[in-house]
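Subject: Structure handover

Hello,

Here is the structure I promised you. Please open it first, then read my notes below.

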Amino acid sequence: MISFLKKKSSGKAGLPPGALIHVGEQKLDKVKMTLISYTEDTIEERQLDSIEECFSCQEGPGITWVNIDGLHDVDIINRIGSSFNIHPLVLEDILNTEQRTKLDDLENYLFIVAKVFYFEPDDYRVKYEQISMILFKNMVFSFQEDIGDVFEPLRERLRKNRGRIRKMGADYLIYALLDAIVDSYFSVLEEVGYKVETAEDILLGAPEHDILQQIHNMKRDLVILRKSIWPLRGILGSLEKGESWLVSEKTRIYFRDIYDHTILVIENIEICRDIVSGMTEMFLSSVSNRMNEVMKMLTVIATIFIPLTFIAGIYGMNFDKMPELRWEWGYPATLILMVVAVILMLIWFKRKKII
Amino acid sequence: MISFLKKKSSGKAGLPPGALIHVGEQKLDKVKMTLISYTEDTIEERQLDSIEECFSCQEGPGITWVNIDGLHDVDIINRIGSSFNIHPLVLEDILNTEQRTKLDDLENYLFIVAKVFYFEPDDYRVKYEQISMILFKNMVFSFQEDIGDVFEPLRERLRKNRGRIRKMGADYLIYALLDAIVDSYFSVLEEVGYKVETAEDILLGAPEHDILQQIHNMKRDLVILRKSIWPLRGILGSLEKGESWLVSEKTRIYFRDIYDHTILVIENIEICRDIVSGMTEMFLSSVSNRMNEVMKMLTVIATIFIPLTFIAGIYGMNFDKMPELRWEWGYPATLILMVVAVILMLIWFKRKKII
Amino acid sequence: MISFLKKKSSGKAGLPPGALIHVGEQKLDKVKMTLISYTEDTIEERQLDSIEECFSCQEGPGITWVNIDGLHDVDIINRIGSSFNIHPLVLEDILNTEQRTKLDDLENYLFIVAKVFYFEPDDYRVKYEQISMILFKNMVFSFQEDIGDVFEPLRERLRKNRGRIRKMGADYLIYALLDAIVDSYFSVLEEVGYKVETAEDILLGAPEHDILQQIHNMKRDLVILRKSIWPLRGILGSLEKGESWLVSEKTRIYFRDIYDHTILVIENIEICRDIVSGMTEMFLSSVSNRMNEVMKMLTVIATIFIPLTFIAGIYGMNFDKMPELRWEWGYPATLILMVVAVILMLIWFKRKKII
Amino acid sequence: MISFLKKKSSGKAGLPPGALIHVGEQKLDKVKMTLISYTEDTIEERQLDSIEECFSCQEGPGITWVNIDGLHDVDIINRIGSSFNIHPLVLEDILNTEQRTKLDDLENYLFIVAKVFYFEPDDYRVKYEQISMILFKNMVFSFQEDIGDVFEPLRERLRKNRGRIRKMGADYLIYALLDAIVDSYFSVLEEVGYKVETAEDILLGAPEHDILQQIHNMKRDLVILRKSIWPLRGILGSLEKGESWLVSEKTRIYFRDIYDHTILVIENIEICRDIVSGMTEMFLSSVSNRMNEVMKMLTVIATIFIPLTFIAGIYGMNFDKMPELRWEWGYPATLILMVVAVILMLIWFKRKKII
Amino acid sequence: MISFLKKKSSGKAGLPPGALIHVGEQKLDKVKMTLISYTEDTIEERQLDSIEECFSCQEGPGITWVNIDGLHDVDIINRIGSSFNIHPLVLEDILNTEQRTKLDDLENYLFIVAKVFYFEPDDYRVKYEQISMILFKNMVFSFQEDIGDVFEPLRERLRKNRGRIRKMGADYLIYALLDAIVDSYFSVLEEVGYKVETAEDILLGAPEHDILQQIHNMKRDLVILRKSIWPLRGILGSLEKGESWLVSEKTRIYFRDIYDHTILVIENIEICRDIVSGMTEMFLSSVSNRMNEVMKMLTVIATIFIPLTFIAGIYGMNFDKMPELRWEWGYPATLILMVVAVILMLIWFKRKKII
């Protein structure tokens with residue numbers, strides 16, 4: 001989260017709005033452009049060498065999906081922008097990979113920004129990437145920084161003509177893209193749920209201090225997940241209600257379906273947050289409890305031996321006149337006295353439920 | 001909750017939407033289909049061998065209720081879907097047993113998903129099962145994973161023609177089903193309330209560390225209950241307002257009645273949550289208090305005996321010239337000094353309210 | 001709260017909706033029915049032996065108020081229901097004494113359920129009773145479990161024709177009943193406020209562990225009060241806005257007045273809740289503080305005497321060659337050394353602000 | 001807050017609504033009535049002996065402001081009520097000094113209740129007084145319990161014809177009164193802010209237990225301030241929107257101005273609440289920290305001297321055969337051993353960062 | 001925050017509303033007035049000696065931006081006010097530098113108040129300054145207390161005709177000013193984020209007591225940031241919706257852009273708040289944990305040496321008849337006994353996981 005703020009302020013502050021600059025790390029050597037064009041009966045899939053190759057597709061009878069991996073080549077975005085008459089602020093938003101999840105309805109096209117979440121295998125923290133999508137009547141653009149793979153099953157379905165995707169329009173394609181994105185939330189949520197359960201088990205056992213860091217990380221991850229997914233709810237709600245002419249009556253029910261999924265994700269994030277929020281308290285409680293145990297032991301030992309040592313100290317005094325010291329049975333009597341004192345104290349401890 | 005996420009992501013991710021796959025464990029060997037068909041005067045109840053037997057009932061004069069226990073036979077759901085012209089996404093939702101509680105109005109029929117709650121006797125935790133219902137003009141379908149028994153009293157009422165159920169339409173039957181479901185919430189809430197009261201009594205006594213786990217479990221159970229029941233409020237509200245033509249004017253007041261019950265359940269869940277949320281703090285407070293007691297005892301013992309031991313240590317020194325050691329009454333005087341010191345300290349402790 | 005859940009589930013689950021069963025304890029031997037019928041000039045008050053005696057009053061010119069104490073005689077409720085054409089669900093709600101506070105507008109009559117609060121003198125906890133009211137054009141029914149006395153001042157006003165009550169209609173009578181109920185909230189709130197203030201004083205002194213139970217009870221009482229009174233706000237708001245034809249223009253301003261009172265009660269409950277919610281923290285803080293005091297004392301005593309005892313231990317050793325032991329002034333020098341050590345340590349403690 | 005509840009219940013419960021009784025302490029011997037009547041060019045200010053003197057002013061061309069200090073003379077209120085045709089409930093609200101802050105629009109006049117806050121110099125706690133205002137077309141009544149001085153600067157402005165007040169109508173006078181009231185909030189907020197800052201400084205130093213009481217008092221004061229000022233927001237909002245015909249178009253922008261001020265006050269109260277709410281935690285943290293310091297010292301002293309005392313104890317034993325005791329250098333060797341042990345332990349403590 | 005309250009109450013209370021007084025410190029010697037007047041082709045920038053020089057610009061064809069640094073010269077504000085017919089309350093708001101962030105639509109012009117945030121290098125706390133803006137059809141006034149530099153990049157863009165700013169109207173200029181202000185929030189947020197991350201690292205290590213002050217300061221800064229930025233959301237939302245005729249259709253999309261940025265800032269502030277709010281708890285947890293470690297050490301040392309010292313005490317007693325003392329191997333046997341006792345205790349500690 002905070003990393004983004006640095007990028008933003010260092011790279012862009014002071015530039016005129018609408019100036020096209022890629023804000024984010026360059027993650028790929030070369031921009032990769034993939035075009036998939038399909039009708040119910042035909043499908044064509046190819047890599048584009050230059051973005052101009054796709055400009056003619058708009059008039060074709062089928063649906064065209066252009067996926068662009070890599071955002072550092074500002075020129076490509078620029079040419080798409082001027083060919084398809086896209087507002088400069090939209091282009092700027094595509095290039096700035098720290099946008100909010102949002103939907104902009106610009107009459108001729110819809111612009112959608114969403115996040116895909118995944119787990120970084122190195123430090124096992126939640127990471128995310130931005131996916132921007134533009135929906136025209138017969139065409140969909142999608143923009144990613146990295147070569148994403150959340151869309152691969154969807155491509156497979158297109159190729160094999162599974163489900164009803166090739167029978168439907170570009171709005172259904174956008175639905176399918178969003179559905180793939182929301183599915184990525186379920187995977188991440190599963191991992192988070194696993195981490196939460198593990199932490200719960202540790203906390204109910206004998207937690208170490210480093211559990212605090214884990215709890216803290218989970219809290220952060222959940223906060224960030226929630227903030228990113230929350231706006232999607234509104235977006236899908238407005239798509240479902242058919243506020244744009246680009247979404248047909250027939251497709252709206254599908255948006256309701258992912259709307260439901262998104263609510264489910266949000267609810268489960270909330271449940272996880274509820275569970276995690278009590279964990280620091282549980283840790284504190286556990287620490288207190290163990291300190292209690294340690295203190296009890298110290299108290300028992302000290303309470304038993306300090307009086308005994310005192311008795312021994314008495315008969316270690318060097319007064320000339322100490323009749324007990326001269327008695328025949330003085331020593332064993334003293335030992336017996338000590339044993340009795342210990343027994344009495346143990347009984348008292350038992351009653352007080354200290355041991 | 002988290003278990004569901006696993007099922008979802010492992011079983012379904014990447015499939016085309018609307019693909020019919022049963023998400024959940026198979027709990028029954030064989031799907032059991034029960035048909036109850038009734039008018040005010042007649043009632044017929046029978047097990048169906050094939051789902052096609054009920055297809056003709058739709059045109060009959062009476063009301064038909066088909067209850068399907070077991071969801072693993074996708075084929076049956078599929079055939080119902082095509083016969084009754086049900087949207088594939090609805091069929092998918094029936095099969096995926098981790099839906100949100102929801103109401104979908106699809107013009108010709110209403111689709112309702114709700115949860116039934118019960119207590120698992122083994123680990124005494126709240127469990128739930130999904131019940132899907134479809135309301136047509138003259139027909140109701142209900143789908144469960146297991147052979148449910150929350151509907152048995154309702155069947156009994158139908159058979160014996162008690163109350164007004166056989167005089168009313170299919171919308172009243174849906175009401176009766178939902179009423180049975182909401183009644184299950186009262187039973188669960190009673191158990192939860194009992195657990196909360198038990199935990200309160202323990203906390204006001206001398207709680208052990210394992211109470212923390214109980215508190216944690218209660219919190220989770222209440223969070224999950226709340227999330228599942230909350231949406232029912234909106235559903236019943238919209239049924240009561242008669243937003244669907246399938247619900248007649250006469251039946252709407254009954255939905256208002258279960259709407260009130262649902263609010264009552266939610267309010268009582270909130271009260272339980274309020275009570276439970278303060279419990280960790282009470283436990284911490286109790287642990288602190290007991291540690292205080294233990295520390296006081298240690299302090300009293302140590303404060304009394306350490307100075308005495310010091311006095312004994314003084315007269316245990318081996319200096320050649322220690323006039324006290326030679327005195328006739330040195331030893332008893334020392335003992336008396338010690339007793340006086342103890343008495344003074346006890347008085348001081350009393351005044352400081354330490355003992 | 002939890003007691004109600006038991007009654008509900010054990011007594012009613014599985015019965016057809018609208019089945020009339022009294023849910024609650026029977027608190028009276030015999031149902032007591034009191035009729036007060038008045039016009040501006042005349043008033044008649046009498047006990048009814050049978051409920052049928054009041055049926056003719058509806059056509060009379062005056063206003064009739066029938067108060068029924070005791071709900072166990074289902075038959076009476078039933079006969080009222082059929083005579084006045086009251087919906088079975090309303091009758092069911094009258095008999096089930098664990099309803100939510102609510103207002104149902106059933107065209108010909110208004111049905112209002114509210115709670116009266118009082119303090120149980122035995123355990124000094126907040127208790128409540130349900131009062132149901134039905135408002136017809138010229139007639140008001142009120143139902144209580146016990147012989148309530150919150151209405152006695154109102155009866156007195158009716159008899160003595162004080163205020164404008166005998167000049168107004170049945171809607172004003174309902175207002176007067178609700179006003180008496182809201183007045184009971186002020187009494188209870190005064191008691192709660194007194195308990196809160198007492199607890200505050202104790203907490204700022206030297207609280208014992210049992211204050212926790214009191215805090216816990218106050219929290220519960222306030223939660224329950226709040227949940228019961230909160231819905232009254234909406235009810236009075238809708239009465240004030242004149243949403244029912246049964247409430248005349250002239251009476252609406254009076255409902256606004258109790259609406260204001262109810263808001264005042266709710267606000268004061270919120271203030272009490274705010275104050276009580278910080279109390280466990282204050283108790284914890286107080287316990288910590290006292291433990292701190294105890295630990296300081298232990299530390300001071302131990303830190304002073306342990307080194308002294310060590311010095312005494314040194315000269316208690318039996319080495320053959322210990323020149324100090326042979327010195328003429330060895331013993332007094334050692335004692336002086338000890339006194340100096342104590343003084344130095346006391347100075348150091350003072351500086352560190354430990355004593 | 002709680003004091004009010006006592007007054008209410010003891011003084012008024014059971015009386016008919018609209019019965020005029022002064023609820024509150026009598027703070028003045030005699031009711032003081034001040035009339036200020038002004039046009040743009042003339043101003044007249046005089047004390048009234050009887051309230052009837054002002055009745056004729058309503059028809060005059062100028063604006064008349066009657067301020068009444070002292071509410072115990074119910075008769076005066078009553079005569080105003082019948083002369084100006086004021087609703088009995090409004091008169092009752094004027095006399096009951098524990099009303100909510102509110103605005104009632106009664107067609108011919110507006111009735112406004114607000115609170116003035118000040119600091120009681122004795123115990124330095126926030127106190128408040130109620131001011132009721134009635135706005136007619138050409139006339140304003142204001143009612144206070146005490147001889148208020150928050151309106152004195154306003155009177156001065158009227159007398160000296162400063163600002164535009166004498167050019168505007170009665171609605172502007174009401175605005176000026178409310179502005180004076182809101183200004184009193186800024187003064188109180190300044191004092192509260194000063195108390196908060198003082199408490200912060202103490203907490204970051206070495207807080208004593210009595211800071212808890214201060215924190216508790218600040219919390220209460222802020223809660224009460226917030227509850228009293230919050231409704232003013234809505235009142236000013238509705239005046240600004242010109243919902244009453246008594247407020248002219250020209251004056252509305254002035255109400256927007258105090259609306260902004262009120263929001264500013266509320267926001268600053270919220271900021272104070274946010275700061276204060278973390279203070280108990282800070283105190284706890286500080287107590288824990290100091291206990292930590294004390295425990296560390298005890299541990300260091302005990303850990304150093306207990307082993308040394310043990311060594312001295314060894315050579316204090318009286319076994320016949322203890323060769324070390326006979327050695328020439330036994331005693332100095334033992335002392336050196338002790339010094340070495342101390343040094344080693346100190347090094348270890350340093351490394352563990354305990355000292 | 002609290003400083004402002006002092007200024008307000010001491011400087012202004014009792015003055016007539018609309019009285020022009022500068023509330024705030026005077027930060028500049030002389031008021032500096034800069035005029036920039038531009039069309040698409042021409043640009044003129046000059047310092048004004050008297051404010052009257054800009055009065056003629058209003059009729060010109062281009063856009064005029066007058067920036068005024070320094071607010072202590074009330075006369076200048078006054079002359080602008082009367083020339084451009086600005087409402088006295090607006091002038092008052094410009095001079096009072098503790099306004100809320102707000103937008104007032106006064107038909108002929110829009111009045112906007114916003115805050116610019118920066119970090120005070122001295123104490124590294126968040127500070128802010130108020131910027132007021134007035135938008136006329138062809139003219140923009142901006143008022144600052146200090147010579148601000150957040151607008152410098154914007155001036156540079158105007159001079160060099162970069163971006164589309166010189167092609168657009170005065171509404172776009174207001175947009176550009178607000179954009180520069182919102183950019184300042186990103187810089188501050190970056191710094192805050194850095195402080196939060198640093199504090200997190202410290203907390204997960206070994207935090208000292210002074211971290212509490214840092215946490216407290218961060219909380220305050222975030223609260224103040226949030227309160228100042230929050231209202232901007234509403235302002236930009238209403239500008240984007242085009243509620244004023246002064247904002248053209250073409251410019252509205254730009255306001256949507258900064259609206260998105262503002263939401264992003266608010267969300268990130270919320271994330272920071274969520275993270276910071278758990279920090280005191282983490283500190284407490286860390287203190288508890290370290291106290292636990294210290295107590296464990298004390299317990300181990302005391303538990304080992306107290307019994308040993310007791311044994312040594314036994315054989316330091318001076319009874320005549322103590323056979324062990326006479327035994328040949330009494331001393332070494334005792335030493336061996338002690339070593340065995342120590343080993344047993346260490347094993348027991350290991351098992352109990354205390355060491």
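Is Asn161(E) buried, exposed or partly exposed? Asn161(E) is partly exposed, with a relative accessible area of 32%. On the scale used here, buried means under 20% relative accessible area, exposed means over 50%, and partly exposed is in between (1.4 Å probe, protein chains only).

Two ground rules before the rest. This is a predicted model, in which local features need pLDDT of at least 70, side-chain atom pairs count only at pLDDT 80 or more, and totals for chains, interfaces and linings use all residues. Residues are numbered from 1 along each chain as its sequence is written, chains are lettered from A and ligands numbered from 1 in the order in which they are written, and side-chain values use heavy atoms, with hydrogens and water left out.

**Chain A overall**

Chain A has 10 helices and 7 strands. These are DSSP runs numbered from the N terminus: helices are H or I with at least four residues, strands are E with at least two. The chain is more spread out than a compact globule, because its radius of gyration is 35 Å, well over the 20 Å that the globule rule gives for 355 residues. That radius is taken over C-alpha atoms, and the rule is 2.2 Å times the number of residues to the power 0.38. Along the principal axes, the C-alpha atoms of chain A fill a box of roughly 120 × 45 × 30 Å.

Buried residues still make up 63% of the 355 in chain A. Its accessible surface is about 13,700 Å², and carbon and sulfur atoms hold 53% of that. Areas come from the Shrake-Rupley method with a 1.4 Å probe; for residues, only the protein chains shown count as cover. Now the contacts, meaning heavy atoms within 4.5 Å. Among contacts in chain A with a separation of 6 or more, 68% are between residues 24 or more positions apart.

**How the chains are arranged**

Chain C can be laid on chain B by a turn of 72° and a shift of 0.0 Å along the axis, with an RMSD of 0.1 Å. The two copies are thus related as by a five-fold rotation axis. Copies are superposed by least squares on the C-alpha atoms of residues with pLDDT of at least 70 in both. In chain C, the residue closest to the axis is Gly316(C), at 4.5 Å (C-alpha). The copies use different surfaces: 18% of the contact residues of chain C recur in chain B.

Chain A goes onto chain E with a turn of 72°, a shift of 0.0 Å along the axis and an RMSD of 0.1 Å. Here Gly316(A) is the residue of chain A closest to the axis, at 4.7 Å (C-alpha). Again the copies use different surfaces, and 17% of the contact residues of chain A recur in chain E.

Some pairs do not touch. No contact joins chain A and chain D, and their closest C-alpha atoms lie 9 Å apart. No contact joins chain B and chain D either, with closest C-alpha atoms 9 Å apart.

**Residues to look at**

*Tyr315(D).* It lies in the loop between helix H8 (279-314) and helix H9 (323-326) of chain D. Tyr315(D) counts as buried, at 13% relative accessibility. Leaving aside neighbours within four places in sequence, its contacts include Gly316(C), Phe319(C), Leu325(D) and Tyr331(E). The C-alpha atoms of Tyr315(D) and Leu325(D) are separated by 7.2 Å, 10 residues apart along the chain.

*Gly330(A).* This residue lies in helix H10 (residues 330-351) of chain A. Gly330(A) is buried, at 4% relative accessibility. Not counting residues up to four places away in sequence, Gly330(A) touches Glu324(A) and Phe319(E).

*Lys219(B).* Find it in helix H6 (residues 211-240) of chain B. Lys219(B) is partly exposed at 25% relative accessibility. Beyond neighbours within four places in sequence, Lys219(B) is in contact with Glu281(A), Val276(B), Ser277(B) and Thr280(B).

**Two positive phi values**

Most residues other than glycine have a negative phi. Glu107(A) has a positive phi of about 65° and is not a glycine. Glu107(A) lies in the loop between strand E4 (102-105) and strand E5 (110-119) of chain A, and is exposed at 58% relative accessible area. Asn161(E) also has a positive phi, near 55°. Asn161(E) lies in the loop between helix H4 (152-160) and helix H5 (170-204) of chain E.

Best wishes
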